[in-house]
Amino acid sequence: MKRKIYFLIAGCIITVAALAPIQGYFIYNTYRLYAKEANAQITQELLRLETDGKLDTINSVWMSRTQQFMRDYAEGKVKSTEYEKAMRGLSDSLSGEVQQCIASDSMLAKYDVTYTNYVTSARICKDTTQPADTIFKGKMLLYGTNVENVPEDKASQSTWRDNTRQNDSLSGAFEVVTTRYYSIANWEKLVFARMSGLLIFSVLLLVFVVVLFYLSIKNLIAQKKIADIKTDFINNITHEFQTPLGAMDIAVKMLQRNDGGLTEEQFGHSISIIDRQNKRMQKLFGQVTDASLSTEIDTTQATIISHTDIAEIVNDFALSHPEIMTMQPQMDDAALFMDKFHIGTILNNLLDNAAKYGATKILVSLKDWEKQATLTIADNGMGIAEKDQKLIFDKFYRVEKGNIHTAKGLGLGLYYVKETVAAYKGTITVKSEPGKGSEFTITLPKP
Ligand code: ADP
C-alpha cells in the first residue's frame, strides 16, 4: 500500500511536470500564430495604403520633392549635402498626416501601429556612361517616429527608381532606397487579451489536475490509515481477549476436573481467576462499545470531587502496584466538578498507562488556580516521541506496533480520557521526552 502511494505520488508529479511544459508549448505556439496573423494583416493593410490609399498620396509629396531636388542637383542649383535639409523640412507635416492616416484606419488603430519611413540611400546617374553620384547614404527620417531596435521582420525595404528622365540630359536617372518600419504599441496587451480565455482555461485545467491528484492521494492515505488502524485493532483485540480467555479456560478446566480433590483454597483461587478475568473482559468490552457507539458522556451526575477523593483513588492504585513509587507531592485544596465514576476511570487510565509504559515513579498533584484546577500525572516511564504526542488521544492510536505484546492495550484509554475531560469543558495536554517520562495535565474549570 505504501509503495502504491509512493508510485501514485511519483506518477502525479511526472504527469503534472509533463503536462505543464506541453501546455506551455501550445500556448507559445498560439501566441506565435496570433503574432504571425496580426503581422500579416498589418503588412497587408500598409501595403494597400501605400499602393492606393492615403499613404500613396503622402509618399508622393516627398517623392516629387526628391524629383525636384534631383533635377536642381543635375542643373547644379543645389549641392548633394542639401538633400537632407530639403527632406527634413517635410518630415513634420508628413508625420502628422501619417499619424492621422493610421488613426483613421480601424485595423491599424486597433493595434496602435506606428509607421516610420527612412531614406537609406539616394543616388543619381546623369547619364549611363558615368558612375552613379551618391546624394545621400545613412538613415534619414522621412516621417513617423524615430524607432530604434525594431525587429527585422517588421521592416521592409524598397527601391524607387526614376528612369523617366533617363534621356533628359539635365536630370538623369536616380534611385532612392527607403526602409519602412512599423511597430505595435500595446502588442503584449492585445495578444494576451485575445489569449486570455485560453490562458485562464489552461491554468484552471492544471489546477484542477493538481487538486484531483491531491484529493486522490489524500483519500488513499486516509484509506491506508483506516486499514492500518483496523489491522492493529484486530491484532490488539485478539491479543487482549486471548489472555483472559486462556486464564478462564484453565480455571474452568480445573473446576470441571474437581472430583472432590480440590481444596477450598484451590477452589476459591479458580473462582477468583474466573471473576478477575471476567471483569477484565467486561472492561475491555465496555471500552470498545464506548468507543464504537460514540455515546454522549453523561455529566449530569457530577459532584464535587475533593483532593481526598483523588488521593483515595491514587492510594488504591498504589496498593495494587507496590513496585511503583506513587507520590502526591502537592494536593491543593482544590475541587473538581465531575462524576465520581468518570474521575476514577480517567485517573486509573492514566496511572495504568504510566505503569504499562515503564514508570517506576509516579507523581500526582492537584493544583488550585484562580479559575481552574489542574490535575497532573507525571511519570518517569519510556516517554512519548513528539510526533506521537498529538496522535495518542486519537481513537485506536497506539505508539508503536512493537508495544503490542509487551504492553497491552487497544489505543482507547487516552481517547476516553480526552472525550470525558472535554465533556466537562476541560482540556488534557501532554509534555514528554522519550526516555525521560511523560506528564499529563488535565485542566478543568472550577465549579
Ligand atoms: P493503550 O495504552 O491501550 O495503547 P492509550 O490510548 O491509553 O492506549 O495510549 C495510547 C498510546 O500512548 C499508547 O499506546 C502508548 O504508546 C502511549 N502512552 C500513553 N500513556 C503513556 C505513558 N504514560 N508513557 C508512555 N507512553 C504512553
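Predicted model: local features only at pLDDT ≥ 70, side-chain atom pairs only at ≥ 80, totals over all residues.
Contact here means heavy atoms within 4.5 Å.

Take helix α7 (residues 307-320) and helix α8 (residues 340-356) to begin with: they pack with their axes 10 Å apart, at an angle of about 40 degrees. That angle makes α7 oblique to α8, and the crossing is right-handed. On the α7 side, the residues involved are Asp309, Ile310, Ile313, Val314 and Phe317. They meet Lys340, Ile343, Gly344, Leu347, Asn348, Leu351, Asp352 and Ala355 in α8. Sorted by class, this contact comes out as eight nonpolar, two polar and three charged residues.

From α1, the contact draws on Leu46, Leu49, Glu50, Thr51 and Asp52, while α2 brings in Lys54, Leu55, Asp56 and Asn59. Here the tally by class is three nonpolar, two polar and four charged residues.

Then there are the aromatic rings. The structure holds eight aromatic pairs. In one of them, tyrosine 25 and phenylalanine 26, the ring centres are 6.2 Å apart and the planes stand at 55 degrees, so the pair counts as tilted. Tyrosine 25 and phenylalanine 26 are both exposed. Elsewhere, ring pairs tie Trp62, Trp160 and Phe174 together into a cluster.

Conventions
Residues numbered from 1 in each chain as written. Heavy atoms only, no water. Helix = DSSP H or I, 4+ residues; strand = E, 2+ residues; numbered from the N terminus. Nonpolar A, V, L, I, M, F, W, Y, C, P; charged D, E, K, R; others polar. Phe/Tyr/Trp six-rings, centres within 6.5 Å; stacked < 30°, edge-to-face > 60°. Buried < 20%, exposed > 50% of the residue type's maximum accessible area, 1.4 Å probe, protein only. Axes fitted to C-alpha atoms, helices over the stretch in contact; angles between N-to-C directions. Parallel < 35°, antiparallel > 145°, perpendicular 65-115°, else oblique. Left-handed = near helix turned anticlockwise from the far one by under 90°.
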